[in-house]
Amino acid sequence: GTNMNKDIAGFKNPPDVLVATPGRLNDHLSNSGLDKLLAGLRVLIFDEADQLLDMGFRPAILEMLSKLPPKATRQCLLFSATMPADVKTIAEIAMRD
């Protein structure tokens, strides 16, 4: 990947919009203090959820969810061309009823 220091320079204030891959986001949540900036996260979006799971990102997604505010305090949008069982499971973990 690219140098994380460039990303960190943009994290002086909580971002209004953050686009990231699960692996890179986990790196920042664990190592750059981004978890504190995202404490007030209100909306989480997974785009191409079926593809993320097909590419083996399930562990990274679960790790990311464990470091973000609980689903009761945020909205989660999940976009997927298909809804296989694995996507439904992630939806149940990440989304409110």
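**View 1. Asp7 and Arg24 join their side chains in a salt bridge, 3.2 Å from N to O.** A salt bridge here is a side-chain nitrogen of Lys or Arg within 4 Å of a carboxyl oxygen of Asp or Glu. This is a predicted model, where local features need pLDDT of at least 70 and side-chain atom pairs count only at pLDDT 80 or more, while totals for chains, interfaces and linings use all residues. Residues are numbered from 1 along each chain as its sequence is written, and side-chain values use heavy atoms, leaving out hydrogens and water. The pair links distant parts of the chain, with Asp7 in helix H1 (residues 4-9) and Arg24 in helix H2 (residues 22-31), 17 residues apart. Helices (H or I, at least four residues) and strands (E, at least two) are DSSP runs, numbered from the N terminus. Arg24 is buried at 18% relative accessible area, whereas Asp7 is partly exposed at 26%. Buried means under 20% relative accessible area, exposed over 50%, and partly exposed in between (1.4 Å probe, protein chains only).

**View 2. Arg58 and Asp86 form a salt bridge, with their closest N and O atoms 2.5 Å apart.** Arg58 sits in helix H5 and Asp86 in helix H6, so the bridge ties together parts 28 residues apart in sequence. Arg58 is partly exposed at 26% relative accessibility, and Asp86 is partly exposed at 30%.

**View 3. Helix H6 (residues 85-94) has Val87, Ile90, Ala91 and Ala94 as its buried residues.** They cover an arc of only 105° around the axis, which puts them on the same side of H6; the arc is that of the directions from the helix axis to the C-beta atoms. On the other side of H6, Ala85 and Glu92 are exposed.
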